[in-house]
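These are my notebook entries on a single chain. I set down what I looked up, in the order in which I looked it up.

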Amino acid sequence: AAEWVMAVEASALASEDAMRFTHKGRCIAVYNLSGEFYATSGICTHEHAFMSEGYIDGETVECPLHQGLFNIRTGAALSPPVTKNLKTFKTKIENGQVYVLVD
Ligand code: FES
């Protein structure tokens with residue numbers, strides 16, 4: 001069943017930055033895009049790289065390993081070598097904490 005999981009304090013994640021957390025063995029990346037929070041699966045769909053260490057530019061994140069590009073809001077794979085989308089998760093803010101809906 002899907003559950004809301006506390007990921008990070010909103011104030012601890014700077015704008016245009018990302019962090020990762022692990023829930024039940026699954027790595028998830030949380031992004032702050034100008035005060036709006038998004039979450040995707042934390043590992044690139046190409047090989048093993050942490051998307052939280054990627055370079056954020058507007059709505060996109062560039063994988064730190066081979067520079068594949070994804071849209072952070074939709075998870076869409078935008079440029080080679082990535083071809084498979086990142087899974088995305090809903091987020092909400094409650095009492096200054098960012099929660100992610102993990103299923
Ligand atoms: Fe991300 Fe290769 S591991 S593009």
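**Entry 1: overall dimensions.** I first compared the radius of gyration with the rule for a globule: for 103 residues a compact globule would have a value near 13 Å, and the chain has 13 Å, so the two agree. The radius is taken over C-alpha atoms, and the rule is 2.2 Å times the number of residues to the power 0.38. I then noted that the C-alpha trace spans about 40 × 30 × 20 Å along its principal axes.

**Entry 2: conventions.** The model is predicted, and I keep to its limits: local features need pLDDT of at least 70, side-chain atom pairs count only at pLDDT 80 or more, and totals for chains, interfaces and linings use all residues. Residues are numbered from 1 along each chain as its sequence is written.

**Entry 3: secondary structure.** I found zero helices and 11 strands in the chain. Helices (H or I, at least four residues) and strands (E, at least two) are DSSP runs, numbered from the N terminus. Along the sequence the pattern reads β-β-β-β-β-β-β-β-β-β-β.

**Entry 4: the sheet that holds β3.** I looked up an open sheet of four strands, ordered β2-β3-β4-β9 with antiparallel pairing. At its edges stand β2 and β9 (88–89), each with a single partner strand, so one side of each is left without a neighbour in the sheet. Two strands count as paired if DSSP finds at least two bridges between them.

I went through the pairs in turn. Strand β2 (residues 17–23) is joined to β3 by seven bridges, and the two run antiparallel; F21 has I28 as its bridge partner in β3. The hairpin of β2 and β3 leaves two residues between the strands, and K24 in the turn has a positive phi of about 50 degrees.

Six bridges pair β3 with β4 in the antiparallel sense. Finally, β4 and β9 pair antiparallel over two bridges.

**Entry 5: the sheet from β5 to β8.** I recorded an open sheet of four strands in the order β5-β6-β7-β8, with antiparallel pairing. Its edge strands are β5 (55–57) and β8 (77–79), each of which pairs on one side only. The twist averages 30 degrees from one strand to the next; axes are lines fitted to C-alpha atoms, for helices over the stretch in contact, and angles run from 0 to 180 degrees between N-to-C directions. Strand β7 (residues 69–71) is joined to β8 by two bridges, and L69 has S79 as its bridge partner in β8.

**Entry 6: the core.** Which residues have the most contacts inside the largest nonpolar core? I listed A29, V30, Y31, A39, M51 and V100, in a core of 21 residues. Strands β3 (26–33), β4 (36–41) and β11 (97–102) each supply at least two of its residues, and β3 gives the most, with four. Such a core is a set of buried Ala, Val, Leu, Ile, Met, Phe, Trp, Tyr and Cys residues joined through C-beta atoms within 7 Å.

Over the chain, buried residues make up 27% of the 103. A residue is buried if 20 or more other C-beta atoms lie within 10 Å of its own, exposed if 12 or fewer, and partly exposed in between, with C-beta atoms placed from the backbone.

Entry 7: I turned to A39, which is found in strand β4. Is A39 buried or exposed? A39 is buried, because 27 other C-beta atoms lie within 10 Å. Its bridge partner in β9 is F89.

Leaving aside neighbours within four places in sequence, A39 is in contact with I28, A29, V30, T88, F89, T91 and V100. Contact requires C-beta atoms, placed from the backbone, to lie within 7 Å. With the same exclusion, the contacts of A29 are A18, R20, A39, T40, G42, M51 and S52. I also noted that A39 and G75 are 36 residues apart in sequence and 9.0 Å apart in space, C-alpha to C-alpha.

**Entry 8: contact range.** Among contacts between residues at least 6 apart in sequence, 39% join residues at least 24 apart.

Note on methods: Contact = placed C-beta atoms within 7 Å.
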